[in-house]
Amino acid sequence: MYSEKVMDHFSNPRNVGEIEDANAVGTVGNAKCGDIMKIYMKIEDDIIKDVKFKTFGCGAAVATSSMATELVIGKTVDEALKLTNKAVVEALDGLPPAKLHCSVLAEEAIKAAIQDYYDKNGIEKKVDCSGNCAHCHSHSEH
Amino acid sequence: MVYLDNAATTKMKESVLSAMMPYFFENFGNASSTYTTPGQAARTALTEARKTIAGCIGATERELYFTSGGSEADNWAIKGVMLKNQKKGNHIITTTIEHHAVLHTCEFLEKQGYKVTYVPVDEYGMVSVSDIENAITDETVLVSVMFANNEIGTINPIAEIGKLCRQKGVYFHTDAVQATGAVEIDVEKQNIDLLSMSAHKFHGPKGVGALYVRKGVQIENLIHGGAQENGKRATTENIAGIVGMAEALSEATANLEEKTAKITALRDYLIKTVLETVPYTRLNGHPEKRLPNNTSFCFKYIEGESLLLSLDMQGYVVSSGSACTSGSLDPSHVLLGIGLPHEIAHGSLRASLSEFTTKEEIDSFIKALVPIVQRLRNMSPLYEGVESK
């Protein structure tokens, strides 16, 4: 039911782990719904120098997290904010319809991390949240 | 491949296929036809199969009706009894952990105006006889409680519930799809009025099952048409399937004790080893009163579908009750029904054995499982800091 790309990113996920001196951390989803994504970023000079993730969830949740980190690493913050769930899905050669919410979660996790970066650095910006992640009726537990 | 999903379906035995083959070819006839060959052969086979299967559950052949499978048998038992006994009442009692073939049938009847009580179960998935008793009213027509649960394997006190229903004058149906061929069934001793079974769960063919209906039980037809099945269920009989079912069930119930002892020992070995080897793991269902072939675990901090996928990639076939495998956002109603929180229920895994499962297979499964659970935990934000605690 999953594409080869999804299976590849599930079995060999890129950028798994934590960044100890991360200056941007975002968590979305909740355990009740069966998926949580936590994104760590190291942002320097407005550029995402490093990104790591941890995910509790199904195969699609792991694969979309992995792909999302690949798509934003090395990008500027503004470029990363333009990442859409659609782009993540396309990069994975598609997802089954029931799993599309996982890609939304990946997009929201990137955005949540960047919002955290803004907040920590006194940047008075609000990341535009589409609210699509309302599939779980909550963005995160924090 | 190591196949540990025998609760989903089983591999058909070659001996079953051999028994079926003549009824596709030389004896292909319609059992309702009056000519001797090949209709007569089909008719004889049908009678023999009915006798065999009825004999395996302590019933008489007049009380056994073939269906397309377990779901049809459940639908027929519940809808058929409720429709036919409207003068008696409109109340059904069932449990929260039934198969969807029972639950969704009850929900359908609720929309038609029937009343349904869903009795909860304890932490092991066991129904209490007194809870059933307390739920019975003057309007109650039918109690439907599964013999053994398909996800967590817990076996219910069927004979006691049956006895209670008999005393109270209400019909008792049991979905025995998982239990048939795995544990002893005797509709007389166990006071069962209606019982559903399905052939592919005991190494028989898919697409054939049966409903036992005790003599005297008032039941409406579900499928109207010809006079097959004593005028109670139309459709030209699936002779080959029925013959296969009879062969499979008689093989399953032969030496049942010996087989049960062997499978139970392997099951308990699997349970013990997993619980000892993998920390933060629980067994779902009753430790002893469970199907000989069922194991069900929850692995904390990880999600079932990724566990399943990882095992599948290495050739181990199991199942899960996580939301991602159930096609909804909620994990299995059974795991929630025994009181597990969502986050624990998401990490469930069911490994179900058969008489063909070997200790080598169990050992290699456990060997594969342990590092996979660890890998997924290392990837899980919920596991952060757990190790150091």
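Let's start with one pair of residues: A:Thr27 stands opposite A:Lys38, which belongs to strand S2 of chain A. Keep in mind as you look around that this is a predicted model.

Strand S1 (residues 24-30) of chain A pairs with S2(A) in the antiparallel sense, over seven bridges. S2(A) is also joined to strand S3 (residues 47-56) of chain A, again antiparallel, by nine bridges. Here you can pick out another pair: A:Met41 has A:Val51 in S3(A) as its bridge partner.

How much of S2(A) is buried? Nine of the 10 residues in this strand (residues 35-44) are buried, so that S2(A) is mostly covered. As a general point, side chains in a regular strand alternate between the two faces of the sheet.

Now follow the chain around its turns.

| Hairpin | Residues between the strands | Residue with positive phi | Phi |
|---|---|---|---|
| S1(A) and S2(A) | four residues | A:Gly34 | near 95° |
| S2(A) and S3(A) | two residues | A:Asp45 | near 50° |

Is A:Asp78 buried or exposed, or partly exposed? Its relative accessibility is 41%, so A:Asp78 counts as partly exposed, a label that covers values between the 20% and 50% cut-offs.

Conventions: Residues numbered from 1 in each chain as written. Chains lettered and ligands numbered in written order. Predicted model: local features only at pLDDT ≥ 70, side-chain atom pairs only at ≥ 80, totals over all residues. Heavy atoms only, no water. Buried < 20%, exposed > 50% of the residue type's maximum accessible area, 1.4 Å probe, protein only. Pairing = 2+ DSSP bridges.
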